[in-house]
Amino acid sequence: MVNQEIAQIFYDIAQFLEMEAVAFKPYAYEKAGLALETLAEDVKEIYKKEGFEGLKKIPGVGENIAGKIEEYLKTGKIKYYEGYKKKYPVNIQELTAVEGVGPKMVRDLWKYLKIKNLFDLEKASRAGKIRDLPHFGEKTEKNILQGVAFLKREKGRFLLGDILPTVREIIENLKSLKEIKQISEAGSVRRRKETIGDVDILVAASKPSKVINYFISLPGIVKIWGNGPTKASIRLETGFDVDLRVVPEKSYGSALQYFTGSKEHNIVLRQIAINKGLKLNEYGLFRGKKMIAGKTEEEIYKKLGMSVMEPELRENTGEIETAIKGRLPKIIGYKDIKGDLHCHSNWDGGANSIEEIAQAAIKMGYEYIGISDHTKFLRIEHGLNEKQLVRQRKEIEKLNEKFKVQSSKFKVLHGCEANIMPDGSIDIKDEVLEKLDYVIAGIHSQFKMSKGQMTKRIITAVKNSNVDIISHPTGRIIQRRDEYQIDFDEILKAAKETNTILEINSFPGRLDLKDIYIKKAKEAGVKMVINTDSHHIDHLRFIEYGIAQARRGWAEKEDIVNSWQVEELLKLFS
DNA sequence: GCTATGGATAGCCTAGCATCCCAATGCTA
């Protein structure tokens, strides 16, 4: 999307301005970039419909920046930006991505050593050329070298699903210290963002130094970035960084609030505090020198005139205004899911039998489980044909009989994950689809179609009366594959008309739908289902990542059909 | 450069830590 391209340019401009130590403008460009990035509509469309004035309605976009957006839409270039690129022909994002390198350093590295990119930076630091520059030293050079090595190895961000288990382990480990009164993850982990830069852990403790010393001696640490009396930062051998911050108990709530973020959310909160004649920082909420709140997050939000909100909502995407009006949604809870409708069994090459999956689901406290194996087009995944689906149905019926005899209310539902062919048709005959409890349809081939074609393809599937659910609707794979070119609004319209459900796929690398689409679907009145797409019973636990994503998209129980009773669900499918 | 207030001007979130140089700056969160 063109939004992304322009946002990227604005981020670059912000960095160039930082290099020149220009006041306040960098913040303005960054803000505009962020607004574009999180904007659901295409700026091209906005400009087409509402022109220059429409651009100015985007928050953080005024006369000048709107002009630059217009210039880009018309010419594909922004002269102001081209000027800076000429003046500083450096890859600023790449260089500032190195831990410890910021715009001012980039400026000096360019000025003295003509360093343009990561390659130059690595070469110069290896050759020991950086240590002799003014305001640089041996230590800085060494840190830069390590930063470069890390960046080359990882792209710098990790999937939430790869990180959360380790974070929980660390927290459990720290809890063994009796000095620790309270502990929580904070930052993007607590907000359950789909990718995590680094991990923040917050502790309230009586003897901070003891906690810090224990923390920096945890197993699996490969590097200690720094440690002071109240904070420490380490890198684990798994590759990601963990920051620990220790605060006194009376400030735990304000520190948790502060370190949970997001940054944008906090900026607005601080502004609200200032408007009320107060000051908010990580130590508390103050009137003059008097602390009026800080022990809990609840009291801080309350004093600022709103109720406390779930961390997943804190992205400054309207949650503060909504909270002030007292209209925060009651978002779906982590225990609200009653069953998983997207599980692959050993019939299509998954790891477990249907009975094993059912038993695992019962253990998770589910009331039902849906078996949805691939269908015949996906030969590589051992997709089932019509005959096999009929045979599979018999096995499931037998299993359900068994549960009935055991007077268990648990139910196995029979579905499939059929393929949406390039023309939008489904690779299984209607008369077989009709006999299943439900049908999931998804795209597994030919991802690169034009926007018009792809939208039409999906809408054709949505309108098929046998199709109940569209799996991983946008097809993106985090850090690996972009979403398909689609007109999401059109798809929503069709889904609403036909009561078709969109999946929130919980697989850590998919999380598809993503949060802004979930919000849009909810607003459009389109129902969703949170599924894991399990190929092994160990994958069933991924459901929490899908739930997190749903929460980030403000979804409530009524929006998520597998938080419903099985009878309601079957009624919807029929 | 944006926003808010009022029609031109003020204000823009805040603090700890490391490094380099011995008080200030830059980076990060």
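Reader: Where does Lys376 lie, in terms of the elements around it?

Author: Lys376 sits in the loop between strand 12 and helix 18, where helices (H or I, at least four residues) and strands (E, at least two) are DSSP runs numbered from the N terminus. This is a predicted model, in which local features need pLDDT of at least 70 and side-chain atom pairs count only at pLDDT 80 or more, while totals for chains, interfaces and linings use all residues. Residues are numbered from 1 along each chain as its sequence is written, and chains are lettered from A and ligands numbered from 1 in the order in which they are written.

Reader: Is Lys376 counted as buried or exposed?

Author: Lys376 counts as buried because 20 C-beta neighbours fall inside 10 Å. The cut-offs are 20 or more other C-beta atoms within 10 Å of the residue's own for buried, 12 or fewer for exposed, and anything in between for partly exposed, with C-beta atoms placed from the backbone.

Reader: And which residues does Lys376 touch?

Author: Leaving aside residues up to four places away in sequence, Lys376 touches Gly383, Leu384, Asn385 and Asp427, a contact being two C-beta atoms, placed from the backbone, within 7 Å. Asn352, which is 24 residues from Lys376 in sequence, is 19 Å from it in space, C-alpha to C-alpha.

Reader: OK, strand 12 itself then: how many of its residues are buried?

Author: In strand 12 (residues 368-374), 7 of the 7 residues are buried, so the strand is largely enclosed by the rest of the structure.

Reader: What joins strand 12 to strand 11, and in which sense do they run, parallel or antiparallel?

Author: Strand 11 (residues 339-343) and strand 12 run parallel and are joined by 3 bridges, where DSSP must find at least two bridges for strands to pair. Gly339 stands opposite Tyr368 in strand 12, and Cys343 has Ile371 as its bridge partner there. Together with helix 17 (residues 354-363), strand 11 and strand 12 make a right-handed β-α-β unit; right-handed means that, with the strands pointing away from the viewer, the path from the first strand over the helix to the second runs clockwise.

Reader: How many bridges join strand 12 to strand 13?

Author: There are 7 bridges between strand 12 and strand 13 (residues 411-419), and these strands run parallel. One detail is that Ile371 has His414 as its bridge partner in strand 13. The chain passes from strand 12 through helix 18 (residues 386-405) to strand 13, and this β-α-β crossover is right-handed.

Reader: What is the order of the strands in that open sheet?

Author: The open sheet has 7 strands in the order 11-12-13-14-15-16-17, with parallel pairing. Strand 11 and strand 17 (528-531) are the edge strands, each pairing on one side only.

Reader: Changing topic, which residues come nearest to DNA strand B?

Author: Of the 45 residues around DNA strand B, Gly62, Gly102, Gly137, Gly226 and Gly228 come nearest, near being defined by a C-beta atom, placed from the backbone, within 6 Å. The elements that each supply at least two residues of this surface include helix 2 (25-38), helix 4 (63-75) and strand 5 (221-227), and helix 14 gives the largest share, 5 residues.

Reader: What does strand 5 pair with, and over how many bridges?

Author: Strand 5 pairs with strand 6 (residues 231-236) in the antiparallel sense, over 5 bridges. Ile224 stands opposite Ile234 in strand 6, and a hairpin of 3 residues joins strand 5 to strand 6.

Reader: Backbone geometry next: which peptide bond has omega near -5°?

Author: The bond from Gly261 to Ser262 does, and it is cis; Ser262 is in the loop between helix 13 (252-260) and helix 14. The bond from Asp512 to Leu513 is also cis, with omega near 10°, and Leu513 lies in the loop between strand 16 (501-505) and helix 22 (515-524).

Reader: What is the phi of Arg192?

Author: Arg192 has phi near 60°, which is positive in a residue other than glycine. Most residues other than glycine have a negative phi, and most peptide bonds are trans. Arg192 lies in the loop between helix 11 (187-190) and strand 3 (195-196), and with 22 C-beta neighbours inside 10 Å it counts as buried.
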